[in-house]
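Subject: Structure handover and findings

Hello,

Here is the structure we talked about. Please open it alongside this email, and the findings follow below.

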Amino acid sequence: KLYEKGEEFSVKGWEDFDRETLWHLELAGLVKPVGVEMYDLTFSGSILGELLIDMIKEGVLKNPEEWDDSFRWIGSEVISMIRYSKLAQSRVRGEVTKALEERGFAKEGNLTPYAYTLDEIYHASHPRLVVNSKVAEYLRKMVEGPGESSTLPVGGDELLQLEAMRMIAFSVPRSDVYALTGLGQQIRAALRKGLVVTDELILDELILDT
């Protein structure tokens, strides 16, 4: 929908607008604010939107309206599967095969061009870093891992925010094991060493620059 709206779309009057999802996309570096209630896709977001629409038109991926609620088209585990397969000269084997094939990123035992495009998008995007009090509390409660994903604290959307900021990653192909990335470990360590929580915002790019 964002791709089809074109440049500098407004969320005013958008009946099925989902601010939470838009925030996740912004944290992932796919959407950027350009004014009051105005947004725009970043270069990476625009290419990803084009990729999604092309894959649906070509019939290699179902329309999002038909996806099962538990289906994740792209996540840290999918990025890892593509990277591992690239190291194996684009060959896809084992359980990874089914996972990538149903997402349109593998065919006949090899990565598709769509997988390479996604990998380039991932490298080109620039995630944000915004830690509010809820995300900070979630980090303090959890174990840095590796650990079973089922043992993670129950929260709202904090886990998705951490993944969007590339502070946590999940195992392939079922995401049943998690681990904080180097960035996630360092921020968690700072929080646990006594970083004072004084308001809603704990850490962002401006604070880091300062």
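First, a convention for the helix pairs: axes are lines fitted to C-alpha atoms over the stretch in contact, and angles run from 0 to 180 degrees between N-to-C directions. Also keep in mind that this is a predicted model.

**H4 against H6**

Start with helix H4, residues 76–87, and helix H6, residues 113–124. Their axes come within 10 Å and cross at roughly 115°. Angles of 65 to 115 degrees count as roughly perpendicular, and H4 and H6 are therefore roughly perpendicular to each other. The crossing of H4 past H6 is left-handed.

Who makes the contact? From H4 come Ile 79, Ile 82, Arg 83 and Lys 86. From H6 come Ala 115, Tyr 116, Leu 118, Asp 119, Tyr 122 and His 123. By class, the contact of H4 with H6 has six nonpolar residues, one polar and three charged.

Asp 119 forms a salt bridge with Lys 86, with the closest N and O atoms 2.7 Å apart. Asp 119 sits in helix H6 and Lys 86 in helix H4, so this pair ties together parts that are 33 residues apart in sequence.

Asp 119 has a salt bridge with Arg 83 too, at 3.8 Å from N to O. Arg 83 lies in helix H4 and Asp 119 in helix H6, so here the parts tied together are 36 residues apart in sequence.

Is Asp 119 buried or exposed? Asp 119 is buried, with a relative accessible area of 5%. Its two partners are listed here:

- Arg 83 counts as partly exposed, at 34% relative accessibility.
- Lys 86 counts as partly exposed, at 33% relative accessibility.

**H3 against H6**

H6 has a contact with another helix as well. Helix H3 covers residues 43–57. The axes of H3 and H6 come within 9 Å and cross at roughly 165°. Angles over 145 degrees count as roughly antiparallel, and H3 and H6 are therefore roughly antiparallel to each other. H3 passes H6 in a left-handed crossing.

On the H3 side, the contact is made by Ser 44, Ile 47, Leu 48, Leu 51, Asp 54 and Met 55. On the H6 side are Tyr 114, Thr 117, Leu 118, Ile 121 and Ala 124. The residues of this contact divide into eight nonpolar, two polar and one charged. Leu 118 is listed for H6 in the contact with H4 and in the contact with H3.

**Tyr 114**

Tyr 114 lies in helix H6. Which residues does Tyr 114 touch, leaving out those up to four places away in sequence? The list is Leu 51, Asp 54, Met 55, Glu 58, Val 60, Gly 104 and Phe 105. Tyr 114 and Met 55 are 59 residues apart along the chain. Their C-alpha atoms are separated by 8.0 Å.

**Salt bridges elsewhere**

The salt-bridge count comes to nine. One of them joins the side chains of Arg 128 and Glu 26, at 2.7 Å from N to O. Arg 128 lies in the loop between H6 and strand S6 (131–132), and Glu 26 lies in helix H2 (residues 19–27), so the pair ties together parts that are 102 residues apart in sequence. Glu 26 is buried, with a relative accessible area of 8%. Arg 128 counts as partly exposed, at 27% relative accessibility. Glu 26, Arg 128 and Glu 205 are linked in a network of salt bridges.

Most residues other than glycine have a negative phi. Two exceptions are worth a look. Phi of Gln 89 is near 60°, and phi of Ser 90 is near 75°. Gln 89 lies in the loop between H4 and helix H5 (95–101). Ser 90 lies in the loop between H4 and H5.

Their accessibility is as follows. Gln 89 counts as exposed, at 61% relative accessibility, whereas Ser 90 is buried, with a relative accessible area of 13%.

Best wishes

How values were computed
Residues numbered from 1 in each chain as written. Predicted model: local features only at pLDDT ≥ 70, side-chain atom pairs only at ≥ 80, totals over all residues. Heavy atoms only, no water. Helix = DSSP H or I, 4+ residues; strand = E, 2+ residues; numbered from the N terminus. Parallel < 35°, antiparallel > 145°, perpendicular 65-115°, else oblique. Left-handed = near helix turned anticlockwise from the far one by under 90°. Contact = heavy atoms within 4.5 Å. Nonpolar A, V, L, I, M, F, W, Y, C, P; charged D, E, K, R; others polar. Buried < 20%, exposed > 50% of the residue type's maximum accessible area, 1.4 Å probe, protein only. Salt bridge = Lys/Arg side-chain N within 4 Å of Asp/Glu carboxyl O.
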